Structure formats: C-alpha cells, structure tokens
Amino acid sequence: GAWRLSGAEAALPQQPAPGGGTWVQFTRPAGVAAVSLERGPSAAAPALKPQDLQHPVVLQAGEQAWQLSNGLVRARFGPAGLEQLWGVDGVPQLGGPLAWCRWRDHGEFWDAWDLAADYRQHPLPLQWQSGPALAEQGSLCTGLVWRGRCGRSRLRLDVQLRAASPWLELVLQVDWRQRHELLRMELPLAQPACRYAADTPGGVIERPAAAANGREQARWEVPAISWFASQAEAGGGLAVLLDGPQGVSAERERLGVSLLRAPTWPDPSADQGLHRLRLALSPCSQGWCQQAVPQQAQRFREPLWLRPAAGGAAAVGWPALDLGSQALQIVQLQPLEQPNTARLTLQNLSPQRQRLRWPEGWSACRELTAGSGSSCASPGAADLLLPWQLGSWLVRCGD
C-alpha cells in the first residue's frame with residue numbers, strides 16, 4: 001500500500017525494506033506533535049516527483065570504490081572499508097581508513113575493569129572477507145555489508161545511509177568468543193584535534209586531546225554515554241554517536257571506542273556471546289555545539305515513537321508543542337484533573353541557556369518544587385533554563 005498523512009491525498013516517499021516493513025519519509029514537525037499516518041491502495045497513489053524527496057541517497061558503484069551520499073554526508077568505500085568521510089562543507093574527515101582493531105589484553109589492576117597499559121604492543125589479526133555486498137538500495141536508504149572473523153569470533157558489519165540523515169550508521173554484529181582480548185574501532189583524523197568533548201550525566205566535559213602530564217596520560221580512556229566529538233583548531237570536527245555507554249579515547253590524530261573485552265576474572269563469561277554494537281559518524285563543520293550533537297545523539301538512540309492508532313479516525317489530542325529550541329527535551333507531560341491542564345517537565349540539553357517561547361494559546365506557571373507549589377511565569381527567569389537544568393511548569397492550553 002501507499003502511506004500518506006491522515007487526510008492528505010498525496011502519498012509519502014517510501015521504499016520496501018529487505019527485512020520487512022517500509023521506509024517512509026515525512027517532514028519532522030517542529031517541537032513535539034502527534035502525526036497520524038494511514039495506508040491506502042498503492043494503485044490510487046500519484047507518482048512521486050524527485051522534488052518530493054528530502055536529501056535522497058545516491059550510490060555510485062565503481063570497480064575500486066563505492067560512494068554513498070545524501071547531500072549532508074558523503075562516504076567513500078574501498079578495499080580497506082570506509083576510506084573517507086565528508087560533511088556538507090566538503091572537508092575530508094579521515095586521515096586514513098576506519099580501523100577495526102584487535103589486541104591482546106590481560107588487564108592491569110583489576111581484570112574486569114582496567115585495560116592493560118601496553119595493550120597496543122600486542123596486536124592480533126582481524127580479517128574481512130571481500131566486499132562490500134549490497135544489502136539494500138534506494139533513495140530513502142542504502143546499505144552495504146561486510147563479513148569477517150577475528151579468532152573464533154564471527155563479524156558482520158552493516159553500513160547504512162538514510163535520506164536527510166546527518167550521520168552514517170555502522171552496526172557491528174559479533175559472536176564474541178575470545179579470551180583476554182580487546183576489540184576497538186579507531187578513526188584516524190584528517191584534522192588534528194586540539195581537544196575533545198564527551199557527555200556525562202547531566203552535562204559535557206571537554207578535555208585536551210594531547211596529554212600534558214602523567215596524570216592525564218594515565219587516564220587516556222574515559223566513559224561516554226551517548227556521544228563524543230573532536231574539535232579541530234581551525235573549527236569543525238568529527239562526532240561519534242553511541243547506542244550506549246562505552247569507553248572512548250582521543251588523541252590529536254585519532255579517536256577510538258573500546259567495543260568488547262574478554263576478561264576472565266571474576267566472571268569467566270564476561271562479554272561472551274552475541275552483540276549488536278550500533279554507532280554513527282557525524283561530521284561537524286562548525287563544531288559539536290553548533291551542530292547540536294547532543295540532540296543528534298538523542299535522536300540516534302531514541303527514534304520516533306510509533307504505535308497503532310485506536311480506530312480509523314485520527315485521535316484528537318493536544319496541539320503541537322514547539323518551545324522554540326531543539327535543545328529543550330520534554331521529560332514528562334502529565335495531564336491533570338482540571339480540563340486542558342497538565343504538568344510539563346523540561347530539560348535543557350545544551351551547554352547554553354535556553355529561554356522558553358510558549359506557543360500561542362498556551363499559558364504556564366513554573367513550579368518552585370515539582371508537585372508542591374508554583375509561581376506564575378513572567379518574561380524573565382521563570383522562562384529561562386540554565387545548561388542541563390530541569391524545570392517543571394503547570395501549563396494550560398485553550399479555554
């Protein structure tokens with residue numbers, strides 16, 4: 001069938017997915033809103049025009065190199081895998097091919113937690129079979145596949161680029177069966193980094209890319225929750241989006257992510273078995289803050305919420321809530337007993353102050369303490385959220 005917005009005649013751009021289901025593209029609404037989709041007979045849908053697609057994916061396949069591009073990200077693949085990556089500004093991001101590396105690692109002080117300080121002196125082979133193979137191809141999504149092996153562990157790497165996406169997605173599936181080994185992804189940088197940033201609970205920490213003393217050298221790897229990014233001296237950089245907490249490292253010439261280990265004490269089965277590791281590479285032509293990397297990481301980890309509608313007609317709910325900034329995340333929207341009122345909890349997900357701009361027809365009072373009392377919001381501090389701050393409001397929409 002043909003997917004369309006509820007009540008619209010024109011069909012939306014769509015593409016069958018090889019694993020079942022359908023890729024559908026529609027304009028993302030500003031703020032938070034419920035968008036109702038319906039499916040009708042495909043024969044009744046008018047033919048799509050090229051201008052109906054937003055940043056379609058184009059694949060150029062040659063004898064020695066393949067290129068994927070959607071106008072926002074361009075990637076070149078060759079015998080060594082991902083060989084180069086460009087952003088919208090056309091500046092190359094990689095100083096060499098992306099590397100999947102394997103080393104021997106017997107831990108340091110605590111086998112389960114501490115990487116051996118000299119692990120880079122003990123490399124182990126990791127082989128990829130000939131590739132890439134085409135997993136799916138279309139203007140909405142194109143994917144390539146590599147298969148390989150490291151020791152007794154089987155590997156499958158899926159690379160996917162979607163229309164209008166500012167990142168290139170990498171999914172590594174591993175049947176991990178190693179002992180006392182470390183598996184890492186490393187990215188040589190074309191633009192040397194002067195510092196790098198990584199998210200932490202409730203904030204971001206920027207660190208120098210070059211260690212200046214022994215204490216910094218001893219802490220070469222740090223935990224990141226959902227992203228980290230390099231910052232070049234001339235501006236710009238490269239962000240790595242994560243699907244969960246990982247150990248990451250950065251040097252002037254290289255970014256790295258520790259994916260899997262194989263300690264045997266105190267748990268001999270640690271990390272053993274099947275894993276699906278999802279990452280993405282996003283060029284930042286203006287820097288991680290200006291490119292809204294924290295918001296990109298949230299979209300990468302938390303895709304749109306889909307659910308079946310209850311009945312044929314679209315449900316009538318609250319109007320779209322656009323507060324004027326993508327950095328403002330809705331943590332909770334709880335309807336109250338009084339009609340057209342709710343408790344709204346927000347968090348500022350950026351390192352900059354954000355002032356709320358309430359949509360027309362909305363009124364709000366900011367709570368001093370959530371659930372205990374409120375003070376009427378007025379143009380001033382009541383509608384201002386500091387970096388990473390949480391705030392709660394009693395809101396009313398309409399009469």
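Seven of the eight residues of strand E23 (residues 254–261) are buried, so this strand is largely enclosed by the rest of the structure. Buried here means under 20% relative accessible area, exposed means over 50%, and partly exposed is whatever falls in between (1.4 Å probe, protein chains only). Strands (E, at least two residues) and helices (H or I, at least four) are DSSP runs, numbered from the N terminus. The model is a predicted one, so local features need pLDDT of at least 70 and side-chain atom pairs count only at pLDDT 80 or more, while totals for chains, interfaces and linings use all residues. Residues are numbered from 1 along each chain as its sequence is written, and side-chain values use heavy atoms, with hydrogens and water left out.

Two strands count as paired if DSSP finds at least two bridges between them. Strand E16 (residues 181–188) runs antiparallel to E23, with seven bridges, and proline 188 has arginine 254 of E23 as its bridge partner. Strand E22 (residues 246–251) is also antiparallel to E23, over five bridges; in this pairing, serine 249 sits opposite glycine 256 of E23. The link from E22 to E23 is a hairpin of two residues.

Another part of the fold is an open sheet of four strands, in the order E5-E6-E7-E8 and with antiparallel pairing. Its edges are strand E5 (58–61) and strand E8 (81–86), each of which pairs on one side only. On average, neighbouring strands of this sheet are turned by 15 degrees against each other, direction ignored; the axes behind that figure are lines fitted to C-alpha atoms (for helices, over the stretch in contact), and angles in general run from 0 to 180 degrees between N-to-C directions.

Most residues other than glycine have a negative phi, and most peptide bonds are trans. The bond from tryptophan 265 to proline 266, however, is cis, with omega near 10 degrees, and proline 266 belongs to the loop between E23 and strand E24 (273–284). Alanine 292 shows a positive phi of about 55 degrees despite not being a glycine. That alanine 292 is in the loop between E24 and helix H2 (293–301), and its relative accessible area of 21% makes it partly exposed. Tryptophan 388, likewise not a glycine, has a positive phi of about 65 degrees and is placed in the loop between strand E30 (384–385) and strand E31 (390–397).

As for side chains, glutamate 367 of strand E28 (residues 362–369) is buried, at a relative accessible area of 7%. Its side chain makes a polar contact of 3.0 Å with that of arginine 343 and another, at 2.6 Å, with that of serine 392. A polar contact is a pair of N or O atoms within 3.5 Å; within protein, one must be able to donate a hydrogen and the other to accept it, and residues adjacent in sequence count only if both atoms are side-chain atoms.

Finally, the structure holds one cavity of 30 Å³ or more. The lining of the largest cavity includes Gln93, Leu189 and Ser230.

Note on methods: 1 Å grid on protein atoms, 1.4 Å probe; cavity = no way out; pocket = protein on both sides within 12 Å on 5 of 7 lines; lining within 4 Å. Points joined across faces, edges and corners; volume = space filled by probe spheres on them.
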